[in-house]
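Let's take a walk through this structure together.

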Amino acid sequence: MSGAELEDAVLRKILAVTLNPEHANTAANPPVLHLAGLAEEVSSQQQQGSSSTLMNKDMLDLIFVNRLIESPPEQYPQPPFHYLLGCFARAVNKLRSVSPRQPPEVQQHLQGTIVACKELLVSYAALVLSSSGVVPEPNTAALRGA
């Protein structure tokens, strides 16, 4: 598996999203959602020679905006804040489990990606808690204050 494929797999595991419809799995816990709109946008910006759409550290903000704000899933089992907490917990676990068998440059790159992801998770969690209305919440969660 290449470094780019590893990075995509790590982000897919942490964020429970994918740009590849083959990796979507609504039966998983947590459900792995296909971000079709973002996948189309990314693939249209890529050069003609590349057919794969892999997530990477540089598109983390786009992933969060698409997942939380532009096209949040209608029937997701968790409100946005709980989703972000789950992502943070998975990021912490994944950071601990970065394999020392990987070449040092791959280890450092994956660790940097996970740390950047954790930082953005905290930022988006603060945005949700600010009750600014930027991140849509299900009515039941909003009434509960979740």
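Start with one word that will come up a lot: a residue is buried when its relative accessible area is under 20%, exposed when that area is over 50%, and partly exposed in between, using a 1.4 Å probe and protein chains only. Take Cys-117 as a test case: with a relative accessible area of 0%, Cys-117 counts as buried.

Before going further, here is some housekeeping. This is a predicted model, in which local features need pLDDT of at least 70 and side-chain atom pairs count only at pLDDT 80 or more, while totals for chains, interfaces and linings use all residues. Residues are numbered from 1 along each chain as its sequence is written, and side-chain values use heavy atoms, with hydrogens and water left out.

Now for the overall plan. The chain has six helices and two strands, and from the N terminus on they run α-β-β-α-α-α-α-α. Here helices (H or I, at least four residues) and strands (E, at least two) are DSSP runs, numbered from the N terminus. Of the 146 residues in the chain, 38% are buried. The accessible surface comes to about 8,400 Å², and 51% of it belongs to carbon and sulfur atoms; such areas come from the Shrake-Rupley method with a 1.4 Å probe, and for residues only the protein chains shown count as cover. A contact means heavy atoms within 4.5 Å. Among contacts between residues at least 6 apart in sequence, 63% join residues at least 24 apart.

Back to Cys-117, which sits in helix α5. What does Cys-117 touch, not counting residues up to four places away in sequence? Its partners are Leu-11, Ile-14, Leu-15, Leu-60 and Phe-64. The C-alpha atoms of Cys-117 and Asp-61 are separated by 8.9 Å, though these two are 56 residues apart along the chain.

That brings us to how the helices pack. Two packed helices are described by the angle between their axes and the distance between the axes. The axes here are lines fitted to C-alpha atoms, for helices over the stretch in contact, and angles run from 0 to 180 degrees between N-to-C directions. The axes of α1 and α5 come within 10 Å and cross at roughly 30 degrees. That makes α1 roughly parallel to α5, since angles under 35 degrees count as roughly parallel, over 145 as roughly antiparallel, 65 to 115 as roughly perpendicular and the rest as oblique. On the α1 side the contact includes Leu-6, Val-10 and Leu-11, and on the α5 side it includes His-109, Thr-113 and Cys-117.

Helix α5 has another partner in α4. Their axes come within 9 Å and cross at roughly 160 degrees, and α4 and α5 are therefore roughly antiparallel to each other. Among the residues making this contact are Phe-81, Leu-84 and Phe-88 of α4, together with Ile-114, Leu-121 and Ala-125 of α5.

Next, look at α3. Its buried residues are Leu-60, Ile-63, Phe-64, Asn-66, Arg-67 and Leu-68. They cover an arc of only 165 degrees around the axis, which puts them on the same side of α3; the arc is that of the directions from the helix axis to the C-beta atoms. The elements covering them include α1, β1, β2, α2, α4 and α5. Arg-67 is buried, with a relative accessible area of 4%. Among the residues that Arg-67 touches are Val-17, Leu-33, Pro-72 and Tyr-83.

Finally, some loops. Most residues other than glycine have a negative phi, and most peptide bonds are trans. Ala-16, in the loop between α1 and β1, has a positive phi of about 55 degrees although it is not a glycine. At 1% relative accessibility, Ala-16 counts as buried. The peptide bond from Asn-29 to Pro-30 is cis, with omega near 0 degrees, and Pro-30 lies in the loop between β1 and β2.
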